[in-house]
Amino acid sequence: MASTESPQTIRGSFPDDFTFGVATSSWQIEGSSATRAESIWDRFAKIPGAIVDGSSADPACDHLNRVEEDVDLIGQLGVGAYRFSVSWPRFMPGGTGAASRSGAGFYDRLIDLLLERGIQPLLTAYHWDLPQSLQESGGWLHPDMPHWFADYCQALGERYGDRVSHIATLNEPWVSAFLGYAAGIHAPGVVNAGQALEVAYRLMVASGHGVSALRNAGVGNPGIVLNLTTVRSEDPGAEKARDHIDRLQNTLFTDLLAGRGVSDAVRRSTDILTDWSFVTDEGVEAAATPISWLGVNYYTPIRVALPRESDQTAGVGQDTVVYPACPPASLQPRGPLTTMGWEVDPKGLRDTLVETAAALPGLPLWVTENGAAYADRVLDGDVYDPDRISYLSGHLAAAAEAIDEGVPLQGYCAWSLMDNLEWAEGRTQTFGLVHVDPETMQRIPKASFHFYADIAKGER
Ligand code: FCB
């Protein structure tokens with residue numbers, strides 16, 4: 001593993017006005033599900049085996065009742081920004097219509113607590129917890145969904161736009177579409193690859209409508225967050241699979257944002273699944289509604305190899321089934337791996353940022369998530385997590401390198417503030433800078449928290 005740089009060296013390799021932040025999402029931390037409407041993740045979590053350890057939305061990190069303590073922790077971390085998501089079923093329990101007083105009020109309070117401490121709120125409108133009622137009406141496949149989503153974004157903008165300048169419409173539409181509708185390992189748990197492609201497109205159309213609604217409501221900087229990554233292959237014969245994966249993971253989304261629509265290459269390589277007849281000129285135009293910034297979530301590269309007898313690795317999401325119609329291939333991450341089975345490759349972050357800047361020239365970028373799951377242990381009241389420190393050090397160095405190469409990167413958010421509900425992996429995967437005791441909810445800042453605090457607060 002790469003050697004760890006000192007916090008001062010890392011801070012010194014970034015421009016003065018660079019923002020260091022930390023991220024979470026609503027379903028993963030809030031708890032208190034009884035005080036909001038049901039989301040697709042609550043419903044999904046009830047399917048036996050859907051979440052490996054049987055976790056549900058409660059108590060998560062009990063953040064709803066501990067918001068002050070948690071914002072204090074963010075303050076101690078000394079970061080300039082906090083990325084969180086609004087739970088749609090908490091803010092607008094009917095899915096459409098009126099906002100809930102208490103639900104909307106919770107985020108007012110969170111935002112005010114952040115601003116009091118000089119921390120910039122970065123709000124994500126949709127981090128996967130769709131109101132179950134909208135799912136039952138057809139979810140992202142319903143033709144009215146772009147309008148429902150735009151109304152929701154408009155309401156968020158009107159409520160918070162005076163205090164929040166950066167609002168992302170969606171978090172990782174690739175995950176919603178391909179893990180939710182092709183692999184069925186995320187909510188809503190559908191296995192229908194043709195629908196997955198349609199959902200991916202419709203999410204991007206809805207996002208464009210959301211961007212317009214946010215601007216109308218006076219939000220200065222609407223954006224979107226994608227999980228883009230570099231796709232590598234050294235196996236002769238695996239090039240076709242590599243290209244296919246790159247198209248579904250990256251260019252399908254960046255092309256739509258750039259106004260290039262759905263490319264012939266994507267259409268050809270998925271024609272056994274769909275004829276793409278749902279794509280319209282209006283939809284392509286909406287998806288390309290200009291954004292002010294793009295968030296990139298990066299954890300690991302994708303390493304494509306020829307099919308192997310035993311796909312022994314099977315890291316989370318490391319399976320060609322998540323890329324429908326992929327030519328025969330296998331995904332073979334190389335060590336060192338995190339407990340997610342994800343390869344640690346800081347250069348992959350540099351490459352991803354450089355490739356993204358080339359696909360969308362001039363667009364300001366943020367790394368909106370980056371981090372690692374390791375099996376931490378509390379020893380004498382402390383958590384010593386050198387692997388996470390090394391991961392952060394390497395990836396921050398890679399981000400600084402991308403800036404040196406001309407990438408307009410403005411900020412970096414570590415994932416995550418605290419150990420939380422890692423979706424289908426439940427509590428078994430811990431990404432936090434802060435350890436959360438699953439029984440007592442006690443928060444213990446890990447060694448990586450102190451390391452990152454020294455960077456965030458560091459003098460140059
Ligand atoms: C990303 C998600 C985030 C978290 C990390 C580990 O795909 O956006 O909520 O689960 O992965």
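A residue counts as buried when its relative accessible area is under 20%. Tyr-126 has a value of 2%, so Tyr-126 is buried. Trp-88 is buried as well, because its relative accessible area is 0%. These values come from a predicted model.

**Aromatic pairs**

The count of aromatic pairs comes to 30.

| Pair | Geometry | Centre to centre | Angle between planes |
|---|---|---|---|
| Trp-88 and Tyr-126 | edge-to-face | 6.3 Å | 90 degrees |
| Trp-88 and Trp-140 | edge-to-face | 6.5 Å | 65 degrees |

Trp-88 sits in helix α5 and Tyr-126 in strand β3; the pair links distant parts of the chain, 38 residues apart. What does the pair of Trp-88 and Trp-140 tie together? Trp-140 lies in the loop between α7 and α8, while Trp-88 belongs to helix α5, so parts 52 residues apart in sequence are tied together. Trp-88 and Trp-140 are both buried.

**Helix α8**

Helix α8 covers residues 145-160.

Among the buried residues of α8 are Phe-149, Tyr-152 and Tyr-160. Other buried positions in α8 include Met-145, Pro-146, Trp-148, Cys-153 and Leu-156. Ala-150, Ala-155 and Gly-157 are buried too.

Which elements cover the buried residues of α8? The cover includes helices α5 (88-91), α6 (101-116), α7 (132-136) and α10 (193-216), along with strands β3 (120-126) and β4 (166-171).

**The largest pocket**

The largest pocket has a volume of about 620 Å³. Its lining is made up of 35 residues. Nearest its centre lie Trp-174, Val-175, Leu-179, Val-316 and Trp-342.

Which helix gives the most to this lining? Helix α9 (residues 173-181) does, with three residues.

How does the lining divide by class? There are 21 nonpolar residues, 10 polar residues and four charged residues.

Key. Residues numbered from 1 in each chain as written. Predicted model: local features only at pLDDT ≥ 70, side-chain atom pairs only at ≥ 80, totals over all residues. Heavy atoms only, no water. Helix = DSSP H or I, 4+ residues; strand = E, 2+ residues; numbered from the N terminus. Expected span 1.5 Å × (residues − 1). Buried < 20%, exposed > 50% of the residue type's maximum accessible area, 1.4 Å probe, protein only. Contact = heavy atoms within 4.5 Å. 1 Å grid on protein atoms, 1.4 Å probe; cavity = no way out; pocket = protein on both sides within 12 Å on 5 of 7 lines; lining within 4 Å. Points joined across faces, edges and corners; volume = space filled by probe spheres on them. Nonpolar A, V, L, I, M, F, W, Y, C, P; charged D, E, K, R; others polar. Phe/Tyr/Trp six-rings, centres within 6.5 Å; stacked < 30°, edge-to-face > 60°.
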